[in-house]
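Colleague: I have a new model open and could use a hand reading it. Could you take me through it step by step?

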Amino acid sequence: MMELEDLKNIWKDKIDEDINAKHIAQAQISTLLNQRSTSIIDKLRKNLLWEIVGFCLCLFIVICIPFFFPTITIVFLCVTIVAVVFLPYLVYYVKKYRELQQFSSYHQDLKTNLTQLILQMEKYLKIYFWGSLLLTPLTVFLSGFIILYEIKALGFLLYFDTFHPSILSTLLSLALLITLISYPTMKWYIRKMYGRHLEKLKKCLQEIEEIQEVD
Amino acid sequence: MEQKFVQIINQNQGILHKVCRIYCTNTTEREDLFQEIILQLWKSFPSFRGESKVTTWMYRIALNTAISGIRKKKITTTGLELFTYQIADHPQQNNEEELTRLYKSIEQLSDVEKSILLLYLEDKPYDEIAEIIGITANHVAVKMSRIKDKLRTLLQSAS
């Protein structure tokens with residue numbers, strides 16, 4: 001059995017030989033600078049951008065509704081939804097997006113980097129989860145309402161009063177039911193997408209912290 | 001600035017290849033990680049003021065990227081297999097067998113242990129390892145002693 005010091009020498013001899021064969025030219029390094037990053041932060045940033053696009057589309061639909069149904073109730077409802085739900089969340093989303101764009105902790109030591117990355121990921125996943133969950137009932141309710149209205153406009157289901165409280169409460173119940181179903185689905189999806197990576201990061205940080213508990 | 005950066009990377013690219021070899025088990029993964037490390041170094045380069053050595057800065061970014069920066073894809077071929085095939089025709093059989101065992105054992109270490117061991121194999125002083133990991137030199141010494149014990153056991157079981 002060789003000693004570790006001997007292995008260290010073998011490592012150095014062999015690795016240098018191996019690495020010299022992999023040496024890439026300066027021009028190739030310059031080319032790599034123009035490639036796209038596949039880092040976890042970059043992926044989170046891209047996902048958040050899609051969330052913002054989705055949010056803007058919903059916002060657009062909500063803003064358009066009063067033009068088709070110009071009643072005081074509808075206008076009031078839409079303005080409230082925009083002011084209370086959409087605008088604050090959109091501002092928060094854009095703020096988070098900028099934060100992710102500027103986030104860079106890789107130049108710091110491993111422990112600091114892991115701590116900051118875990119914090120950022122947890123924040124982002126919370127926003128992503130609650131944002132998507134918030135959009136679900138709104139999307140279901142509005143889609144259901146528009147579909148019923150269009151069906152009626154085409155001459156079908158003429159006995160239907162789209163604005164009748166029973167219809168609205170059925171739509172609302174359906175929206176809440178789908179939201180309830182989407183809760184575990186969203187949890188599963190987020191865990192599948194980022195959960196394992198987040199657990200890995202936490203495990204690494206825990207290992208470093210355990211080293212410090214030796215004293 | 002780009003020229004200066006490319007020169008620095010060119011002079012020290014061995015660091016990046018070593019990190020990729022330790023953390024990735026196949027060629028595709030190594031290439032992806034190498035590219036990502038270069039991009040992260042480039043992103044951090046404007047804020048690099050030279051407070052630490054260039055190599056320390058490079059190790060920090062390379063190890064951070066390898067450990068936390070990218071999500072690993074499913075492994076199809078093991079690095080050990082590739083490595084064994086590469087060395088099969090090489091004349092210095094004994095050394096290579098030992099090195100193959102070393103690689104096989106390193107693969108079983110945790111990501112944090114791999115980073116400390118790599119810096120140890122590269123003859124970095126405990127102070128510099130501490131600066132890269134974010135713990136004290138004393139803690140590095142304690143951890144290194146544990147890694148050595150673990151590695152000894154792994155090497156024994158591999159032989």
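Predicted model: local features only at pLDDT ≥ 70, side-chain atom pairs only at ≥ 80, totals over all residues.

Colleague: Let's start with chain B. How many helices and strands are there in chain B?

Modeller: Helices (H or I, at least four residues) and strands (E, at least two) are DSSP runs, numbered from the N terminus. Chain B has eight helices and zero strands, giving the pattern α-α-α-α-α-α-α-α along the sequence.

Colleague: And what percentage of the residues in chain B is buried?

Modeller: Buried is under 20% relative accessible area, exposed is over 50%, and partly exposed lies in between (1.4 Å probe, protein chains only). Of the 159 residues in chain B, 58% are buried.

Colleague: Now the interface. How many residues of chain A are in contact with chain B?

Modeller: Contact means heavy atoms within 4.5 Å. On that rule, 56 residues of chain A touch 67 residues of chain B.

Colleague: How would I put a size on that?

Modeller: An interface's size is often given as the accessible area lost when the parts come together. Buried area is that loss, with a 1.4 Å probe, summed over both parts. Chain A and chain B bury about 5,600 Å² between them, and 61% of it is on carbon and sulfur atoms.

Colleague: What about polar contacts between chain A and chain B, how many residue pairs are there?

Modeller: A polar contact is a pair of N or O atoms within 3.5 Å; within protein, one must be able to donate a hydrogen and the other to accept it, and residues adjacent in sequence count only if both atoms are side-chain atoms. Between chain A and chain B, 17 residue pairs qualify, both residues being at pLDDT 80 or more. On the chain A side, the largest share, 14 residues, comes from H1(A).

Colleague: Next, salt bridges. What's the idea?

Modeller: Side chains of opposite charge can pair when their charged atoms come close. The rule asks for a side-chain nitrogen of Lys or Arg within 4 Å of a carboxyl oxygen of Asp or Glu. Over all chains there are 14 salt bridges, and two are found across the interface of chain A and chain B. B:Asp111 pairs with A:Lys200, their closest N and O atoms being 3.5 Å apart.

Colleague: Which residue forms a salt bridge with B:Glu113?

Modeller: That's B:Lys150, with the closest N and O atoms 2.8 Å apart. The pair links distant parts of the chain, since B:Glu113 sits in helix H6 (residues 111-121) and B:Lys150 in helix H8 (residues 137-158) of chain B, 37 residues apart. B:Glu113 counts as buried because its relative accessibility is 8%, whereas B:Lys150, at 33%, counts as partly exposed.

Colleague: How far apart in helix H8 of chain B are B:Arg152 and B:Asp149?

Modeller: They are three residues apart, so about one helical turn separates them. Their salt bridge has its closest N and O atoms 3.4 Å apart. B:Arg152 is partly exposed at 30% relative accessibility, and B:Asp149 is partly exposed at 43%. Elsewhere, salt bridges that share partners join A:Glu207, B:Glu113, B:Lys143 and B:Lys150 into one network.

Technical notes
Residues numbered from 1 in each chain as written. Chains lettered and ligands numbered in written order. Heavy atoms only, no water. Buried area = accessible area lost by both parts, 1.4 Å probe.
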